[in-house]
Amino acid sequence: RRVHGEDIRIPFPEFGKMKEEGKLLMGSLPEMEVDGTRICQSMALLTYAGRIGNAGLYPSDLLTACQVDMFLTTIEEAFAAVNSPTATDDEAKKAHREQWVAATLPRLFGPLDKIAAQSGSAFAIGDSLTVVDLALLAVEKGIQSGMLDHVPTNCMDTFPALKEACTAAAADSRVVAYYAK
């Protein structure tokens, strides 16, 4: 099955208006509609996209697929922890994010980096691009953008195998075309 659609990128002010008006399924983006069904949440969309068609971005082997899910769940866990509901001022936020970089990220990404180093290729899992490499690239780009204040833009450098997977993903012609838009 192949899904065709439009890649619509919403300017931030328009996103705020859509959110305020309740036009978004869960109040966030990305979101897509397939056969009348609205779907959201980045990892769910990424997994769906990886499973359809013949792009080979999501493995058919169950054990390898489980590894992919493990990576994606760990990435979600890491980014769920980047913000603290109790950090109400900038100083508390700074302390929390410094702790995230110093302890949480190494605890979660350290084991993933070791697994990726054993893949035998530039990719995190196996010898070709998967949704994991795409998720890692999105993480790296987000961190490098500086949008996470008090998080060094080079903190992914601590994980050389994950960084290599990001580089390999960024070099894929489909990814190059996507980011060129």
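In this predicted model, Thr-130 makes contact with Leu-57 and Ile-125, once its neighbours within four places in sequence are left aside. Thr-130 sits in the loop between helix 4 (90–117) and helix 5 (131–144). Is this residue buried or exposed? The cut-off for a buried residue is a relative accessible area under 20%; Thr-130 has 6% relative accessibility, so it counts as buried.

Stepping back to the whole chain, there are 7 helices and 2 strands. Read from the N terminus, the elements follow the order α-β-β-α-α-α-α-α-α. The radius of gyration is 17 Å, close to the 16 Å that the globule rule gives for 181 residues, so the chain is as compact as a globular protein of that length. Along the principal axes, the C-alpha atoms fill a box of roughly 50 × 50 × 30 Å. Of the 181 residues, 35% count as buried. Among contacts between residues at least 6 apart in sequence, 59% join residues at least 24 apart.

The interior comes next. In soluble globular proteins, nonpolar side chains tend to be buried together. Here, the largest nonpolar core has 41 residues, and those with the most contacts inside it are Leu-72, Phe-109, Ala-124, Val-132, Leu-136, Met-156 and Leu-162. Which helices each supply at least two residues of this core? They are helix 2 (42–51), helix 3 (62–80), helix 4, helix 5 and helix 6 (160–171). Helix 5 gives the largest share, 8 residues.

The chain carries 17 positive and 24 negative side chains, with the centres of the two sets 3 Å apart.

Some loops hold backbone details worth a look. Between helix 1 (12–20) and strand 1 (31–34), the loop contains Pro-30, which is joined to Leu-29 by a cis peptide bond with omega of about 10 degrees. Asp-35, in the loop between strand 1 and strand 2 (37–40), has a positive phi of about 50 degrees although it is not a glycine. With a relative accessible area of 67%, Asp-35 is exposed. His-150, another residue other than glycine, also has a positive phi, near 70 degrees. The loop between helix 5 and helix 6 holds His-150, and at a relative accessible area of 25% His-150 is partly exposed.

Technical notes: Residues are numbered from 1 along each chain as its sequence is written. This is a predicted model: local features need pLDDT of at least 70, side-chain atom pairs count only at pLDDT 80 or more; totals for chains, interfaces and linings use all residues. Side-chain values use heavy atoms; hydrogens and water are left out. Helices (H or I, at least four residues) and strands (E, at least two) are DSSP runs, numbered from the N terminus. The radius of gyration is taken over C-alpha atoms; the globule rule is 2.2 Å times the number of residues to the power 0.38. Buried means under 20% relative accessible area, exposed over 50%, partly exposed in between (1.4 Å probe, protein chains only). Contact means heavy atoms within 4.5 Å. Lys and Arg count as positive and Asp and Glu as negative; His and the chain ends are not counted. The place of a charge is taken as NZ of Lys, CZ of Arg, CG of Asp or CD of Glu. A nonpolar core is a set of buried Ala, Val, Leu, Ile, Met, Phe, Trp, Tyr and Cys residues joined through side-chain atoms within 4.5 Å.
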